[in-house]
Amino acid sequence: MTAPVKLYVYDLSRGIARSLSMQLTGRQIDGVWHSSVVVFNREIFYGQGIVITAPGQSHLGQPLQIIDMGQTAIDEQTFEDYVSDIREHYTADKYHLLDFNCNSFTNDCIGFLTGGSIPAFIKDLPSDFLSTPFGIALRPHIDAMYRRPTGAVPVPAAPQPSADLSTTLSSVLSQVAARASGAQPTAQIPGSGYSTPSTGTVAAPLHLSTNPASFRSLLGTHRAVVAMFTSQTCAPCKMIEPVFDELAHAKTRGAAQGRVAFAKVDIGAGMGGMVAREYQVMATPTFAFFLDGKRVHELKGPNAPELRTQVDLLLFNAFPPHVHTGLALPAVNSLPLLPILTRQVVDLDTVRDSLAMWIDGAPALNNTVKPAIKEKLSQVIFPWLRQRYIDGSTAAPSTEYVDEFSQTVATLVAVLPHSSLFPLLDVWRLAILEPAIAEKTLTPLISVLDSTNATVTSSTRGTLLTLLRLAANALGTSLARPLLVGDARAKTALRGVLVQTLLVPDRLVRLAAASLAFNFSVWVQKGRIARARGDAAADTDGIRENEEDGEWEVELVSAVAEALAKEEESEAAVHRLTATLAFLIRLSPSYRDQLAPLLDVLQVRRTLKGKLAEGGKPRIQNKGIRALIEEVADTLCREP
């Protein structure tokens, strides 16, 4: 006889994550998920120890979502015995909002009951959050909330926010933590309650596996797994455990995040003994090393140097270094990983008057509205621009000003003819360097890019030049991710405008397009270098591994190569295009399979060599540019 198994899902933020996550983290997070298992007419979850209530009667109330996890053939008594066995591991003092929480427990139980695992959108939430700048900034405060003396049942306290964290966010975080741990659970039923605090701790980011199903699930969701088989009475285990915990912290950052797991299997807890027997583990401590679900090595005993060596070997085989990792590239390395920003201040009075003229002639604007818009430009918009960019004020724009500016931009983008947008784009280019204005004007920027993508060949020189400079400046702000990967329409529009303008006849437009291409390549290169270094902040200021797009990369490399071949007027454009090519090629995940063959077919090495000399005479005079071209041609454009 089987019993149904349900997963109850709650949002600890109560809707705040959905409404504020994009603004704060640059990524949409729909909820701060808490989950519990409902089986045998009981709801079981982990907070202040393992707690059992009647379904829907916990301190969190009714669930936001109920997910059917299938049926279990396990009988009620066996499950109760299992929960009792694992209580010593799921204790109140081990709880951590990000690293060891209700979802860790739920996943273990689901594995025991059905052999499955909880949905990825719940399991992956901590990694998603911690890969954002905001998550990295908050991590120390969250850790501080759970740093407590051993043996005391904790009630999470509000973190002490640093100067750059708002009071509101700290308050929300405190509320989420309190709801998560369940400081005041309700509706206890007989036989339920809290487990006693343990004397050990669980160091993030470790997994506890208490049954074969949850362990198999771990193997199936991580390329590399290191498992420590231990027991409470094993003295050598306690000696080596700090080394194992240290490795777990060090080796699951950056590129390895979400792909490498360190697990502890207590052979005396739950069904840990069955996991040990399945892999013929007869003694503790034993370390088992798994690659793609298969055991590739085993180490017995508390040998710390050998443990470190075997972990490094496993990770090397799982994630071999890129072919470019060992290359000597002094010229490429000397390139600054900084976007090219156009900060030149135009004559604001002339731009304002030109914009007023176009507003007067705009047929889509009601005559009663035109004076109000011009008044706003004269009395609000341009005075702040003058104060900021001519007088040198460092004061950030007020919220009211940001709203006025963004509303004015959205209105003018919607009503002015495309050919008359260049005065607006020219001042917008400056204002977009302010983070608040950048975020508020993303939508109209996408609109302008979209319309220009369809009309590049008929667009005026002024419109193309100012739009390219605006877009290049935008990639130097928080808009890089939304423009390049976050919004499909923006990505398509920006790609189309860039590829087309790299080949236009006008020299200055091509140079501006080369700057835009370079800024994109800088953003890509930042993410790749950080991941290659195993930086914990790898995904905060550059492309993330799951955002890499081989098709887009091939298209852009092709366009840059063609632009390089045709560029005969501007040494600066050749420099920027070569630098762009270097940053797109180096450490590219698509290098072996796509880019290397493409570079050969397009004869990019020959194109670069041709820029150095013609008829025995040097074409590029600057020694630094020549060194870069030679290095890219001879090192990055050779077949691997």
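Helices, in what follows, are DSSP runs of H or I with at least four residues, and strands are runs of E with at least two, numbered from the N terminus. With that settled, let me turn to Pro285, which sits in the loop between helix H10 (272-278) and strand E9 (286-291). Please bear in mind throughout that this is a predicted model. The bond joining Thr284 and Pro285 is a cis peptide bond, with omega about 0°.

Asp292 is found between E9 and strand E10 (294-300), and its phi is positive, near 55°. Asp292 has a relative accessible area of 46%, and therefore counts as partly exposed. Asn41 also has a positive phi, about 60°, and is not a glycine. Its place is the loop between strand E2 (33-39) and strand E3 (42-47). With a relative accessible area of 64%, Asn41 is exposed, because the cut-off for that class is over 50%.

The secondary structure comes to 27 helices and 12 strands. Of the 640 residues, 53% are buried. The chain exposes about 27500 Å², of which carbon and sulfur atoms supply 53%. Among contacts between residues at least 6 apart in sequence, 74% join residues at least 24 apart.

What is Leu581 in contact with, leaving aside its neighbours within four places in sequence? The partners are Val557, Val560, Leu564, Val604, Leu608 and Val632. Leu581 belongs to helix H24 (residues 571-585), and its relative accessibility is 0%, so it counts as buried. As for Val604, which is 23 residues from Leu581 along the chain, the two C-alpha atoms are separated by 9.8 Å.

Ser214 lies in helix H8 (residues 212-221). Not counting residues up to four places away in sequence, Ser214 touches Asn107, Asp108, Gly111 and Ser209.

I close with the surface. Asp75, Glu76, Asp81, Asp85 and Glu88 gather there in a patch of negative charge. One of these, Glu88, is found in the loop between helix H2 (76-86) and helix H3 (102-114). At 39% relative accessibility, Glu88 is classed as partly exposed, since that class spans the range between the buried limit of under 20% and the exposed limit of over 50%.

Note on methods. Residues are numbered from 1 along each chain as its sequence is written. This is a predicted model: local features need pLDDT of at least 70, side-chain atom pairs count only at pLDDT 80 or more; totals for chains, interfaces and linings use all residues. Side-chain values use heavy atoms; hydrogens and water are left out. Patches are made of residues with over 30% relative accessible area and no salt bridge: like charges are joined within 9 Å, nonpolar side chains (Val, Leu, Ile, Met, Phe, Trp, Tyr) within 5 Å. Accessible areas come from the Shrake-Rupley method with a 1.4 Å probe; for residues, only the protein chains shown count as cover. A salt bridge is a side-chain nitrogen of Lys or Arg within 4 Å of a carboxyl oxygen of Asp or Glu. Lys and Arg count as positive and Asp and Glu as negative; His and the chain ends are not counted. The place of a charge is taken as NZ of Lys, CZ of Arg, CG of Asp or CD of Glu. Buried means under 20% relative accessible area, exposed over 50%, partly exposed in between (1.4 Å probe, protein chains only). Contact means heavy atoms within 4.5 Å.
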